[in-house]
Structures are given as structure tokens and as C-alpha cells.
Amino acid sequence: MGSQAGFSAQALSVLAALCEQPLDWRHGYALAKQTGLKSGTLYPILIRLADRGLVEACWQDEPVPGRPRRHLYRLTADGLATATGAVAVAAERAGRPGAWLRGGRGVAAPAVP
Amino acid sequence: MSWLSRVVVRLVPAGRRDWAEAVWAEAGQVPPGLARLAWRAGGVRLIAREAMLARRATRTLVFAAAAAWVAYAAWPGPAGNPATALTRLDVATLLPVLAGLPVLARRLFGPAAPGMLARVLRTGAYAAVLVLLLSKASVGQVADNPAAVPLLSSDASVPALDGMIYAWLVESVFLLVVAVCVAAILVLTARRSRVAPVTLAAGTGAGLVLGAVMYAIVPLGLTDHATSPWLPGSDADPVVLLAWVLLLGAPLAAGGLAARCYHGPGDPGQLAGARLRQGGAAGFLATGIGALVVTVLGTGDRTDGRAR
């Protein structure tokens, strides 16, 4: 697994997924579906991104009755700038957009022209 | 969350619990069946990983505290005593080496192998080296201890400066051997070195026996005090012969046992090579642990001036 701009391919896929709707809060299962990552891979990545101040997390204010509160994530301002740059660099290095995600995990990759 | 999951989440450090709870809470959104089971398995992995990271931080703190205490206790010594300078060299060299080696080993060979034995071996090796440092310092801190400057020549015709150079040279070799020994134990107990648990067990067992027996006999009759007072005899007596047999035989026996017990994957050709490597690792481990045990016990014995 190569790393682009200090991020693994999986971390880049998470950043790319969060970049799509940077203002919206996303929950873990949606991110897992979008990136194709398992929970045991996705959450450590989210933790590292949060530790670096790139992702912010909060608990859902109004949970659906009968269901537990959900943890929500979105990019911080720094995170958005870093993610945009990292995804662009990764795509550029790979020669075409989304090529860095080849290998089956790249659900969040931009469309290949 | 069920009470069980609440208890499990408590294993994670306080600052990380939200994340563990988040995975668990999110499991309710995953379709029931295998997918949900896989999601929860990922949660268990996350909890295990975070709990392990906390343990690593604890280990680092414990080592830092022990190293600081050893440095504090070992540093003082009588002025003008050459052993004091040698002790300070030991402290200034070995403690940073002990701190840096695990980082290097982790980068090159991965974390510690799963299982209790690998951890116990690493902890034991570190404890042994720290005790060794303290023991050597204790010997050196007693100015009139005849064991304090064992390396300086008592021959008046040898200039003092030559004696010091010789002492520093020998000390450098000692430091190198200890560092290599610790590095070898870290490598052999690392995940990527793929040393089988049975190899670790055979090497450790043989090394402990070798070290204890060699200490009891006093190694190889190479000193004036070839045997212990309670085992009187000459350099050629059967006890010294037993020491030689053990020195060569224990690593061979450990290697043979490890190779015989190893049943790894692969075709017969690969298996033969793998068994050879496992045998070599067990033999090396037995030698290293034996040397460490006999050195620690032997140095400790000289602390009160009773040079054996």
C-alpha cells in the first residue's frame, strides 16, 4: 500500500468520502459503505485523523427513539484543505483521478475519465 | 450498550472510549447477520488495539522510571576511582540504547510476537540489564573493593594509562555484547521474525539452566578461582568439564529440540530450511540468555567485594 502526502490509500479514501459533502455530518456506517472499509480499519483511521485535527466528531443530538445515539464526523477547515490537497496530489501522482484507489476499496474515488 | 460491552469498553483509555462506544452504537445500523457480526468484530479489534496502545504507554513509563532510578543510583562514585568513569560510560551508553532499540526493532521487525513468552522475555532481558548496570555500579562505588578495578593491571611495569585504555576497550566490548544480546532478544521475539513459541521456550529454558549452572560452577576455570569454594577442584576437574559440555551442549540441545518440534507450512525443502532457522534461533537465544544470567548473577555476587 503506497502512501500519498502522508496518508495511506485507505485514509485517502476516507478523506475523499468526507470531502464530497464537507459540511454534512457523516456517520461511520455510511463512510464504511462508501469507502468499502471494515469497521476495524475505518475507525482507527478516523481516530488518527481526529488526533491530527483534520476530522471533528460529535454525538447525535436527537437520536431516533429506540436506537442508540450515533457518532458523527466531518472535516474541519484544516481537514478540508488538507484532504483536498492530498486527494489532488494522490490523483496527480497516479496519473489520473481515482487511480490511487484501484484495488476495490475506492468507492469514494472520483470518476475515472 | 449491554453491560458486557460497557465493561469491555472500560479497557480503552478514557480519551478513546467515545470511539469504542461509537462502533458499538453504529452496529445497530448494520444489517443483522454476518455483516453486523463483522462490524462488531471490527469494534473488538479497535478496543484491543487501543487497550494495547495504552499498555505500551504504561510500559514506556515504567521503563523511563526504572532507567531514571538506575541512572540516579549508579552515577555517583568516589572521585579518582576509574570504575566510576566506566560506570558513567555504561549508564550514558546503555540507557539510550535500551530506549532506542525497541523503536528500531518495531520498525524493522514489527511489534512483539503474540503470546506471553515474548513479552516476558523482553521484560526479563530489560530487567536483567538494568540490574546488571546497578550491580556494576555498586561494585565500582566501593573504592576499596578489590573487584572495583578488576581490569587494571596489577603489574607495576604496565603504565597506568595503558591499563586505563585496556579497561575502556574491554568496557566497550562489554557494552557492545550487551546491546547485541538485547537486540537479538528483541528481534527473536518480534512478530516478523516468525520465531515459533516452541523455539522461544526451548531457547529460554536452556539459557536459564545454562546460566544458573555456569554461575554455580564459575565459568570454565579461566580465573584463579576456577571453582566455587564449595566445589573445590582444579581447572581440569569434572565440574569444569561439565561447564564446557553445557556451554556447547545447551545451545545445541535447544536448537535440536526447537527444530524437531517445529511443524511450519511449506514443502519439505522449505520446512528443512525453516527448521534450521528455528534451531539457530533457539541456540542463539540459549547462549544469550545464559550469558546474561551468569553475568548478572556473577556481578551481583561481587557487589559486597567478594570477588569470586
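Q: How many helices and strands does chain A have?
A: Helices (H or I, at least four residues) and strands (E, at least two) are DSSP runs, numbered from the N terminus. Chain A has 4 helices and 5 strands. From the N terminus, their order is β-β-α-β-α-α-β-β-α. This is a predicted model: local features need pLDDT of at least 70, side-chain atom pairs count only at pLDDT 80 or more, and totals for chains, interfaces and linings use all residues. Residues are numbered from 1 along each chain as its sequence is written, while chains are lettered from A and ligands numbered from 1 in the order in which they are written.

Q: What is the pattern of chain B along the sequence?
A: Chain B reads α-α-α-α-α-α-α-α-α. That is 9 helices and 0 strands.

Q: How do I read burial, and what share of chain A counts as buried?
A: Count the other C-beta atoms, placed from the backbone, within 10 Å of a residue's own: 20 or more means buried, 12 or fewer exposed, and in between partly exposed. In chain A, 38% of the 113 residues count as buried. In chain B, the figure is 35% of 308 residues.

Q: Which residues have the most contacts inside the largest nonpolar core?
A: A nonpolar core is a set of buried Ala, Val, Leu, Ile, Met, Phe, Trp, Tyr and Cys residues joined through C-beta atoms within 7 Å. The largest one here has 54 residues, and B:Val129 and B:Leu133 have the most contacts inside it. Helix 5 of chain B gives the most to this core, with 11 residues.

Q: Why does this core lie between domain 2 and domain 3 of chain B?
A: Domain bounds come from an automatic or database domain assignment. Domain 2 (75-191) and domain 3 (194-308) of chain B both give residues to the core, so it lies between them.

Q: Which residues is B:Val129 in contact with, beyond its neighbours within four places in sequence?
A: Two residues are in contact if their C-beta atoms, placed from the backbone, lie within 7 Å. With those neighbours left aside, B:Val129 touches B:Leu94, B:Leu98, B:Val178 and B:Val182.

Q: How many residues of each chain are in contact with the other chain?
A: On chain B there are 17, and they meet 14 residues of chain A. Helix 3 of chain B gives the most to its side, with 8 residues.

Q: How do the residues on that side of chain B divide into nonpolar, polar and charged?
A: Ala, Val, Leu, Ile, Met, Phe, Trp, Tyr, Cys and Pro count as nonpolar, Asp, Glu, Lys and Arg as charged, and the others, Gly among them, as polar. The side of chain B that touches chain A has 9 nonpolar, 4 polar and 4 charged residues.
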